[in-house]
Amino acid sequence: EGMVRVLLPGGWRPGSGPWPVLYLLNGCCQPEYDAWTTRGEAARLTSAYPVIVVIPEGGQVGFYSDWREGPAWETFHLTEVRHVLERDYGAGDRRAVAGLSMGGLGAMSYAARHPGMFRAAASFSGVLNTLDGNNGVDWLLNEYGEDSADLWGDHRDPAWTAHNPADLTAGLRGLPLFVSCG
């Protein structure tokens, strides 16, 4: 079971809704699962908007995927958390997703791999090409004692391409996107 921080909008009350939802996905190596609020100012910056903000734990190097051998982050975020938000918080079907670094990969991958689930996606300094040898995926996994084969298998495995935003651009067609790097 993973942790989730939920920021409720002004005017929210039990039974209200449907509310739009903004998923904020953390970057790599964050010790706090809710770094968007503890290290950023997500609560203050989103308080004026009528939107539920959800900040789910994604593992220090979870790469927003269901691992072959390990956690099922994608299922946790897009099935389990979504159902809780809809059942208990009045979340509707208008969703956007944004992420930093590893979370930027997650935002673009989730939006492309689940057509119609999100109406917009944003990546801030995201890993948008996991097959570029300079992206650090293998290095980060190794640094945290993980084997990349446990994530997506051998680099020749189709799972690498299936989670690579650079290879998923067709699934993002028509979706408003924001991409920044710096």
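Does S148 count as buried or exposed, and at what relative accessibility? S148 counts as buried, because its relative accessibility is 15%; buried denotes under 20% relative accessible area, exposed over 50%, and partly exposed the range in between (1.4 Å probe, protein chains only).

## Basis of the report

The structure is a predicted model, in which local features need pLDDT of at least 70 and side-chain atom pairs count only at pLDDT 80 or more, whereas totals for chains, interfaces and linings use all residues. Residues are numbered from 1 along each chain as its sequence is written, and side-chain values use heavy atoms, with hydrogens and water left out.

S148 belongs to helix 6 (residues 148–152); helices (H or I, at least four residues) and strands (E, at least two) are DSSP runs, numbered from the N terminus. Beyond its neighbours within four places in sequence, S148 has contacts with D138, L141, G153, H155 and W160, where contact means heavy atoms within 4.5 Å.

L131 is located in the loop between strand 5 and helix 5 (137–143). This residue counts as partly exposed, because its relative accessibility is 37%. Residues up to four places away in sequence being excluded, L131 touches H155, W160, T161, N164 and D167. From L131 to A166 the C-alpha to C-alpha distance is 8.7 Å, although 35 residues separate them in sequence.

An open sheet of mixed pairing is formed by six strands in the order 1-3-2-4-5-6; two strands pair if DSSP finds at least two bridges between them. Strand 1 (4–7) and strand 6 (177–180) are the edge strands, each pairing on one side only. From one strand to the next, the twist averages 15 degrees. In general, strands of a sheet pair through backbone hydrogen bonds, either parallel or antiparallel. The antiparallel sense applies to strand 1 and strand 3 (residues 52–56), which pair over four bridges. V54 in strand 3 is the bridge partner of V6.

Helix 4 (residues 102–113) packs on this sheet and touches strand 2 (19–25), strand 4 (91–100), strand 5 (120–124) and strand 6. The direction of helix 4 makes about 140 degrees with that of strand 4; axes are lines fitted to C-alpha atoms, for helices over the stretch in contact, and angles run from 0 to 180 degrees between N-to-C directions.

## Cysteines

The model has one disulfide, defined as a pair of cysteine sulfur atoms within 2.5 Å. C28 and C29 form this link, with their sulfur atoms 2.0 Å apart. The link of C28 and C29 is right-handed, with 45 degrees about the S-S bond. C28 is buried at a relative accessible area of 13%, whereas C29 counts as partly exposed at 25% relative accessibility.

C181 takes part in no disulfide, and the nearest cysteine sulfur, that of C28, is 15 Å away. C181 is exposed, with a relative accessible area of 76%.

## The largest pocket

The largest pocket holds about 270 Å³ of space. Of its 16 lining residues, L22, L24, V51, A96 and A98 are the closest to its centre. Strand 2, strand 4, strand 5 and strand 6 are the elements that give two or more residues to the lining, and strand 5 provides the largest share, four residues.

On a 1 Å grid over the protein atoms alone, a pocket is an open set of points where a 1.4 Å probe fits, with protein on both sides within 12 Å along at least five of seven lines; lining residues have an atom within 4 Å of a point. Grid points are joined across faces, edges and corners, and a volume is the space filled by probe spheres set on the points.
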